[in-house]
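Me: Could you walk me through this one? I'd like to start with the overall picture and then look at particular helices.

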Amino acid sequence: MPRRVPAPAVEQDGGTGKGEPLDLSAVAQIVGERCRSDADLIPVLQQVQAHYGYLPEVVVAEIARLSSIPASRIFGVITFYAQFTTLPRGRHTVCVCQGTACHVRGGHEVLRSVEKALSLVPGETTADFDFSLETVACLGAFRSHR
Ligand code: FES
C-alpha cells in the first residue's frame, strides 16, 4: 500500500517571517478582473507580483483556487520565466553579468567583490531586504527584455 505523504504546510505569511497573514484580497480582484483563460495567466502573475513584490506559495494557492488552474501549472510558469520570483526580494537588485564578454573582462572578480560587500551569494537577499544579488548571462540581452 502506498504511503500517504501529507502536503507541506503553506506559510500564511508568504515566507516573510513576520507572522502576519498576507492580505489576499488583491489576488481575488486581479484574478476576477483578468483571468478568463490559461492565456491570461502570465499577465495575472505579473500584476500579482507587482502588488506583492513576489509570488509566495500562499498567493499561488489562492490564484489556483480562484482560477481553477492547477497550482502545479502555475508554478511551472513561474519557474520557467526569470521575471517571476517566489521569494521576497530586496528593494534593490544587484545584477552582475557572467556572460562570455564580461567574463573575459573580469566579471567573475566583480561578482566576488559584490558577494563579499553584501555577504550574499547569487539568489540571496540581505536580512534587511535592502539588496538582492542576481547573475545574468548577458546584461545587454537581459536589459532588452525588460
Ligand atoms: S556578456 Fe556581459 S553584457 Fe553581455
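Me: What share of the 146 residues in the protein is buried?
Reply: Buried residues make up 16% of the 146 residues, and please keep in mind throughout that this is a predicted model.

Me: And which elements does the chain run through from the N terminus on?
Reply: The order from the N terminus is α-α-α-α-β-α-α-β-α, which comes to 7 helices and 2 strands. As for contacts with a separation of 6 or more, 58% of them are between residues 24 or more positions apart.

Me: Which residues of the largest nonpolar core touch the most other members?
Reply: That core has 15 residues, and Val44, Val48 and Ile63 are the ones that touch the most other members. Each of α1, α2, α3 and α4 supplies at least two residues of the core, with α2 giving the most, namely 4 residues. As general background, nonpolar side chains in soluble globular proteins tend to be buried together.

Me: Let's stay with α2, then. Which of its residues are buried?
Reply: The buried residues of α2 are Leu41, Val44, Leu45 and Val48. Seen down the axis of α2, these buried residues fall within an arc of 95 degrees, so they line one face of the helix. In general, an α-helix has 3.6 residues a turn, so residues three or four places apart point the same way.

Me: What sits on the face of α2 turned away from that buried side?
Reply: That face carries the exposed residues Pro43 and Ala50. On the buried side, the cover includes α1 (25–34), α3 (57–67) and α4 (71–80).

Me: What span should α2 have for its 12 residues?
Reply: At 1.5 Å a residue, the 12 residues of α2 (residues 41–52) should span 16 Å, and the C-alpha atoms at its ends are 16 Å apart, which agrees. Just after α2 comes Gly53, with a positive phi of about 90 degrees.

Me: How do α2 and α4 pack, in terms of angle and axis distance?
Reply: Their axes are 11 Å apart and the packing angle is about 70 degrees; the two helices are therefore roughly perpendicular to each other. Where they meet, Leu41, Ile42 and Leu45 are the residues from α2, while Ile74, Val77 and Ile78 are those from α4.

Me: Back to Val48: what does it touch, leaving out residues up to four places away in sequence?
Reply: On that count Val48 touches Val27, Ile30, Leu55, Val59 and Ile63.

Me: Switching to the backbone, which residues other than glycine have a positive phi?
Reply: Among them are Ser68, with phi near 65 degrees, and Phe129, with a phi of about 60 degrees. For context, most residues other than glycine have a negative phi.

Me: Where do Ser68 and Phe129 lie?
Reply: Ser68 is in the loop between α3 and α4, whereas Phe129 is in the loop between α6 (107–118) and β2 (131–136).

Me: And why do they count as exposed or partly exposed?
Reply: Ser68 counts as exposed because it has 7 C-beta neighbours inside 10 Å, while Phe129, with 14 C-beta neighbours inside 10 Å, counts as partly exposed.

Technical notes. Residues are numbered from 1 along each chain as its sequence is written. This is a predicted model: local features need pLDDT of at least 70, side-chain atom pairs count only at pLDDT 80 or more; totals for chains, interfaces and linings use all residues. The expected span of a helix is 1.5 Å times one less than its number of residues. A residue is buried if 20 or more other C-beta atoms lie within 10 Å of its own, exposed if 12 or fewer, and partly exposed in between; C-beta atoms are placed from the backbone. The arc is that of the directions from the helix axis to the C-beta atoms. Two residues are in contact if their C-beta atoms, placed from the backbone, lie within 7 Å. A nonpolar core is a set of buried Ala, Val, Leu, Ile, Met, Phe, Trp, Tyr and Cys residues joined through C-beta atoms within 7 Å. Axes are lines fitted to C-alpha atoms, for helices over the stretch in contact, and angles run from 0 to 180 degrees between N-to-C directions. Angles under 35 degrees count as roughly parallel, over 145 as roughly antiparallel, 65 to 115 as roughly perpendicular and the rest as oblique.
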